[in-house]
Amino acid sequence: MNLNRFPIPFLILAILGLLAGLWAGLMRLGWQLPTLTPSLAMLHGPLMISGFLGTLITLERAVAMKQTWMYLPPLLSGLGWLLATIVPDLPFGVILLTLASLGGVAILTEIVRRENALHTMTMLFGAAAWFTGNLLWMFGWQMYQVVFLWMAFLVLTIAGERLELSRVLRPTSFQQTLFSVITAIFITGVALALFNLQLGTRLSGLGLLLLPLWSLRNDIAWRNLRHKLPLTRYIAWCLALGFVWLGVGGGLSLVFGAQVAGPRYDAVLHAVFVGFVISMIFGHAPIIFPAILGAPINFQPAFYFHLGLLHVSLAIRIFADYANLHTLRMWGGLLNELAIFIFIGMTVMSVRKSLSMKG
Ligand code: HEM
């Protein structure tokens, strides 16, 4: 069976999940858009976390591990977000998304079995957080109660991958211990937030603040900011700016404490989800897409446009959140989305170009 033929439909499901999630995000900001389905706006978080990223992350693992059963979790999350959106009154969608995240735990357990290391364990904790968040949500917990578990899924997955790549710099055992202590602070905060939202939010914020500080010495990204290869330099900027926003998100969590909705909630979440996660995706795409599609990405200096737009518009959005300027916040969010669309367009064009050169 040619497994390389598999990814395209999964990838399309993930991208459609992203588009539905972004549409819902605009509605949540207050833009008057057609509702499409009654529950769409309320599903923005699950669509982005499980529908888009859960599908993409498990798909990447399935492609890398070349195991047919590992395609089940991305299939479940792809179908899960569709069902959750189309038939919100029935629980099937939420159940499939929860099963998908359980599948994510199974994939990571297999990866840890093959390579028991700090970075694989970190990613396993991330997958477990995703599953726990979905499970609690399925049993009726509110999103603001589980959102830090979803955040932990993404932060720990990315942190584990960065740790793996930091092996080039050979971190000392002291630095590895420091990484473990920082992630333990973050995980403890996330778990504590389930019982005491105020204390847990602040503690997890401290962990998020310390992680970029750790990266300054141990992540190759910071040294590559002046690399002579343009693609390597571009990736380094995506990662470094992402780390800056992670620190900002952590700092805001530490200062603001528990939030259940509104501008401060928006600021804390999206400093991490847009500033860190989306920027990391911008930087990771030139590595992931060649692996999934078997075609390299041609770097173009225009890539800096969507990167710059993402970060400037996010700064506007967070400032507007802080200053309680509702219209400015709406525009900041819209421009965040424009940056993501330009990124998708540039990536598709660049992949098509390199496929046609290959053909
Ligand atoms: C790029 C444009 C985005 C826009 C315009 C947007 C918009 C919003 C808004 C307005 C809220 C509600 C905040 C409030 O209560 O005032 C929200 C919540 C949330 N967003 Fe986003 N978002 C975006 C990107 C993302 C991304 C990339 C992710 C995940 C990776 C994400 C995950 C979430 C989650 C989990 C919540 C909390 C869900 C809830 O409480 O219902 N968002 N978003």
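Gly30, which comes just after helix 1, has a positive phi of about 115°. The model is a predicted one: local features are given where pLDDT is at least 70, side-chain atom pairs count only at pLDDT 80 or more, and totals for chains, interfaces and linings use all residues. Residues are numbered from 1 along each chain as its sequence is written.

Helix 1 itself has 23 residues and spans 33 Å between its first and last C-alpha, close to the expected 33 Å at 1.5 Å a residue. That expected span is 1.5 Å times one less than the number of residues in the helix. Helices here are DSSP runs of H or I with at least four residues, strands are runs of E with at least two, and both are numbered from the N terminus. By this count the protein has 13 helices and 0 strands.

The overall dimensions come next. The C-alpha atoms fill a box of roughly 45 × 45 × 40 Å along the principal axes. Of the 359 residues, 49% count as buried. A residue is buried if 20 or more other C-beta atoms lie within 10 Å of its own, exposed if 12 or fewer, and partly exposed in between, with C-beta atoms placed from the backbone. Contacts are pairs of residues whose C-beta atoms, placed from the backbone, lie within 7 Å. Among contacts between residues at least 6 apart in sequence, 68% join residues at least 24 apart.

The interior can be followed through its nonpolar core, a set of buried Ala, Val, Leu, Ile, Met, Phe, Trp, Tyr and Cys residues joined through C-beta atoms within 7 Å. The largest such core holds 105 residues, and Ala129, Ala152, Phe153, Val155, Cys238 and Val272 touch the most other members. Helix 11 supplies the largest share of this core, 15 residues. Leaving aside residues up to four places away in sequence, Val155 touches Leu208 and Val272.

Phe131 lies in helix 5 (residues 118-138). Phe131 is buried, because 21 other C-beta atoms lie within 10 Å. Beyond residues up to four places away in sequence, Phe131 touches Ser101, Leu102, Gly104 and Val105. Its C-alpha is 8.2 Å from that of Ala100, 31 residues away along the chain.

Around the ligand there are 28 residues, of which the closest are Gly25, Arg28, Gly45, Phe273 and Gly333. Two or more shell residues come from each of helix 1 (7-29), helix 2 (44-65), helix 6 (143-165), helix 11 (263-293) and helix 13 (326-358). Helix 11 gives the most, with 8 residues.

Two loop residues remain. Most residues other than glycine have a negative phi. Leu36, in the loop between helix 1 and helix 2, has a positive phi near 60°. Leu36 is partly exposed, with 14 other C-beta atoms within 10 Å. Asn324, in the loop between helix 12 (303-323) and helix 13, also has a positive phi, about 60°. Asn324 is exposed, with 11 other C-beta atoms within 10 Å.

Technical notes:
Two residues are in contact if their C-beta atoms, placed from the backbone, lie within 7 Å. A residue is near a molecule or strand if its C-beta atom, placed from the backbone, lies within 6 Å of it.
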